[in-house]
Amino acid sequence: MSAHTPPAGGVDYAGYLRLPELLALQLPLSTPEHPDELLFIVVHQASELWFKVLRHEMDGLIAALERFDTMRALLAVQRINVLTEIVAQQLTALDTLPPQRFAQFRGYLGASSGSQSAQFRAIEATAGLRDPHFLAAIREHGEPPAEVQAALARSTLQSLVLALLAHLEVPLVSLYTGPEPTPLFLLVEGLLEFEQRFVRWRFLHVQLVERIIGPGTGGTGGTLGAKYLMRTTNHRFFPELWAVRSEFYGAR
Ligand code: HEM
């Protein structure tokens with residue numbers, strides 16, 4: 001059953017997509033309106049829409065892992081990886097924003113910052129980030145939003161995939177030593193690819209920040225800006241999946 005009632009006169013393109021409502025949501029605050037603020041808003045809004053889809057697909061991935069359904073999990077990871085790449089590429093649109101022009105409307109943002117994105121934090125928490133700096137960052141301004149708390153209460157993706165391997169009695173390292181690549185190998189490598197693409201988002205973002213506000217300028221959210229963001233590139237969702245590679249080089 002549909003969650004929403006279709007309009008009485010039938011559905012058309014604008015009605016189905018709620019375009020009048022959607023296109024009325026870009027509201028620059030600069031006065032007179034700065035010609036670059038629309039791009040700034042749309043890249044953020046589009047990223048939040050993609051975060052919404054990513055979270056939805058991550059729920060599907062978790063459900064597949066919990067059912068020990070390797071093939072469905074593999075398909076989910078493939079889609080998640082494409083979405084993560086898209087969201088990273090969105091940032092490059094803002095590379096065309098020169099620093100002096102951003103400075104002309106930055107003041108209108110007040111204390112708002114991407115670091116307050118509940119969906120981004122929920123994605124990190126769902127993926128399995130439990131780094132103490134991350135946990136401190138999300139609690140800095142009081143209780144984390146409900147979706148972040150719910151994500152923190154779940155099993156991490158790494159523990160779910162390790163549980164799948166245990167269920168199938170397949171040691172992680174054997175995926176790399178077996179004679180043939182298997183769907184499980186593709187799944188585990190797909191998760192690693194997800195992390196790689198996510199870290200790529202972090203790098204593209206920190207470079208964007210350096211390019212627009214410079215390496216030494218603090219953020220509107222109160223951090224050290226690029227210096228803080230560079231440190232987050234060390235966060236890892238899947239330490240075990242990264243560490244297993246060292247097996248082949250005599251170190252763990
Ligand atoms: C002009 C472009 C941008 C600038 C100058 C910028 C700047 C910053 C800065 C300085 C921070 C650190 C927190 C703070 O103190 O504010 C930050 C965090 C963040 N920004 Fe941006 N940002 C830009 C574009 C974007 C876009 C398009 C997104 C997409 C949603 C985004 C999402 C985030 C997120 C999720 C964080 C938190 C990252 C973390 O804590 O790991 N930013 N941004």
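Modeller: Pro-32 lies in the loop that links helix H2 (19–23) to H3. Keep in mind that this is a predicted model.

Is Ser-30 exposed, partly exposed or buried? Ser-30 has 16 C-beta neighbours inside 10 Å, so it counts as partly exposed. Set aside the neighbours within four places in sequence, and Ser-30 is in contact with Glu-37, Phe-105 and Tyr-108. Ala-136 is another matter: 106 residues separate it from Ser-30 along the chain, and the two C-alpha atoms are 33 Å apart.

Helix H3 covers residues 37–66.

Now the packing. Two packed helices are described by the angle between their axes and the distance between the axes. Helix H4 runs over residues 70–90. The axes of H3 and H4 come within 9 Å and cross at roughly 165 degrees. An angle over 145 degrees counts as roughly antiparallel. H3 is therefore roughly antiparallel to H4. The crossing of H3 with H4 is left-handed.

Which residues meet there? On the H3 side they include Val-43, Ala-46, Trp-50, Val-53, Leu-54, Met-58, Leu-61 and Leu-65. H3 also brings Ser-47, Glu-57 and Gly-60 to this contact, among others. Among the H4 residues they meet are Ala-73, Ala-76, Val-77, Ile-80, Leu-83, Ile-86 and Val-87. Arg-72, Arg-79, Thr-84 and Gln-90 of H4 take part too. By class, the contact of H3 with H4 comes to 16 nonpolar, 4 polar and 3 charged residues.

Helix H9 covers residues 157–167. The axes of H3 and H9 cross at roughly 25 degrees and come within 9 Å. That angle makes H3 roughly parallel to H9. This crossing is left-handed. From H3, the contact takes Ile-62, Leu-65 and Glu-66. From H9, it takes Leu-160, Val-161 and Leu-164. The class count is 5 nonpolar, no polar and 1 charged.

Phi of Phe-68 is near 60 degrees, a positive value in a residue that is not glycine. Phe-68 counts as partly exposed because it has 14 C-beta neighbours inside 10 Å. Glu-169 sits in the loop from H9 to helix H10 (174–177). Phi of Glu-169 is positive too, near 55 degrees, and again the residue is not glycine. Glu-169 has 7 other C-beta atoms within 10 Å, so it is exposed.

H4 leads on to H11. Helix H11 spans residues 183–213. The axes of H4 and H11 come within 9 Å and cross at roughly 15 degrees. These two helices are therefore roughly parallel to each other. Their crossing is left-handed. The contact of H4 with H11 has 16 nonpolar, 5 polar and 4 charged residues.

Which helix gives the most? H11 does, with 5 residues. The shell has 13 nonpolar, 14 polar and no charged residues. Of the 27 residues around the ligand, Ser-113, Gly-114, Gly-219, Gly-221 and Thr-223 come nearest.

Last, the setting. The chain has 13 helices and 0 strands. Its C-alpha trace spans about 65 × 55 × 35 Å along the principal axes. Of its 252 residues, 19% count as buried. Among contacts with a separation of 6 or more, 73% join residues 24 or more positions apart.

Methods:
Residues are numbered from 1 along each chain as its sequence is written. This is a predicted model: local features need pLDDT of at least 70, side-chain atom pairs count only at pLDDT 80 or more; totals for chains, interfaces and linings use all residues. A residue is near a molecule or strand if its C-beta atom, placed from the backbone, lies within 6 Å of it. Helices (H or I, at least four residues) and strands (E, at least two) are DSSP runs, numbered from the N terminus. Ala, Val, Leu, Ile, Met, Phe, Trp, Tyr, Cys and Pro count as nonpolar, Asp, Glu, Lys and Arg as charged, and the others, Gly among them, as polar. Axes are lines fitted to C-alpha atoms, for helices over the stretch in contact, and angles run from 0 to 180 degrees between N-to-C directions. Angles under 35 degrees count as roughly parallel, over 145 as roughly antiparallel, 65 to 115 as roughly perpendicular and the rest as oblique. A crossing is left-handed if the near helix is turned anticlockwise from the far one by less than a right angle, and right-handed if clockwise. A residue is buried if 20 or more other C-beta atoms lie within 10 Å of its own, exposed if 12 or fewer, and partly exposed in between; C-beta atoms are placed from the backbone. Two residues are in contact if their C-beta atoms, placed from the backbone, lie within 7 Å.
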